Amino acid sequence: MRKLSKKNKERSVIAGCTGIKDLRSGKEESGALPLNRRRVISLIIFGLMVLIIVLGYIPWSSIQLSDGKTMYDVVNYPAMWMMDHVPALGNFLGADKFTYLGDWYFDEFSIVFLIGSVLVALVNRMTLKDFVDNFIQGCCDLCSLTIIVAVSRGVSEIMGSSTEGMGITFVYWIQSALQDVPVWAFIVAAVIAYILVGLLPLGTSSASGITMPVLGAVAMALFAGSSIGTEAGQMLLVSAFTVGFNFWFVVYPNAPLMGTLELTNVPYERFLKLSIKFSTVLLLVGTVVMIVSPYLGLV
């Protein structure tokens, strides 16, 4: 059998395509803008924004120190010291309204991004109109995601939890249908379910928020009296979510993928023809690993 190589170009997935760009060779213009001083400063500002957000999100109070204190007291010491020793200056600078690092959430993240966007606009000497147009366009790009997250949250509230709400009915139905099935059958059913969920335009957070309250309760009920236990059952469910839901992520026509294909002039159907093979192999291997893991004592 002939090997797939540069000598057998007719076997390539892009055989017959014209205008293909090899971005590594440097022979084709990639359309990338030159990295001048202003863009370097903009990247530095963006990096600092990400760093500040990470510092605000880390649960510093869970990191214990030898003197009985926590890292929460260390990282927030400047703001605490200012309010204790120089309250007038602290109030002037807003330290009394400052949310300590480790307690940040969406409000604080939004402020960081807002300040960062203004700084980037100043560095690049953007006009007010250009800044507002770009800012609004960025907000528009997030509207669909916001709606999906809000709807998934609403569905979760309607479904309820494992102890109250409509979810109890669904848990009972699914548990009754799967009562006597072996572990491997539950794994296959869960993977198939998440493959179907992956067809919907949902993010991982939205999909898990909608499905986990119900299927998580089902896993607990099914495996409560089994040899692997409820904890292992939920581990298998999360693994099934990862394998099944991410099956489509390799081929889903998202913005980064379509942008890359546009830069290289590779038709999406040609990319799909190749990537679906790898995605299918990963799906099958992941499912087999989950099926044999309980019998090998891995969970």
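These exercises walk through one predicted model, each with a worked solution. Residues are numbered from 1 along each chain as its sequence is written, and side-chain values use heavy atoms, without hydrogens or water. Because the model is predicted, local features need pLDDT of at least 70 and side-chain atom pairs count only at pLDDT 80 or more, while totals for chains, interfaces and linings use all residues.

**Exercise 1. The fold**

Find how many helices and strands the protein chain has.

Solution. Helices (H or I, at least four residues) and strands (E, at least two) are DSSP runs, numbered from the N terminus. Step two: count. The chain has 12 helices and 0 strands. Step three: check the contacts, meaning heavy atoms within 4.5 Å. Among contacts in the chain with a separation of 6 or more, 62% join residues 24 or more positions apart.

**Exercise 2. Burial**

State what share of the 299 residues of the chain counts as buried, then classify T287.

Solution. Step one: buried means under 20% relative accessible area, exposed over 50%, and partly exposed in between (1.4 Å probe, protein chains only). Step two: of the 299 residues, 25% count as buried. Step three: T287 sits in helix α12 (residues 268–292). Its relative accessibility is 13%, so T287 is buried. Step four: leaving out residues up to four places away in sequence, T287 touches V191 and V243. V191 is itself among the buried residues of α8.

**Exercise 3. Cysteines**

Decide how many disulfides the structure holds.

Solution. Step one: a disulfide is a pair of cysteine sulfur atoms within 2.5 Å. Step two: a search of the whole structure finds 0 disulfides. Step three: C139 is in no disulfide, and its nearest cysteine sulfur, that of C140, is 6.9 Å away. Step four: the sulfur of C140 is 5.3 Å from the closest one, in C143, so the pair is too far apart for a bond. Step five: C139 is partly exposed at 39% relative accessibility. C140 is partly exposed too, at 45%.

**Exercise 4. A pocket lining**

Describe the lining of the second largest pocket.

Solution. Step one: a pocket is an open set of points on a 1 Å grid over the protein atoms alone, where a 1.4 Å probe fits, with protein on both sides within 12 Å along at least five of seven lines; lining residues have an atom within 4 Å of a point. Step two: 17 residues line this pocket, and F113, S117, N134, F135 and G138 lie nearest its centre. Step three: α1 (37–57), α5 and α6 each supply at least two lining residues.
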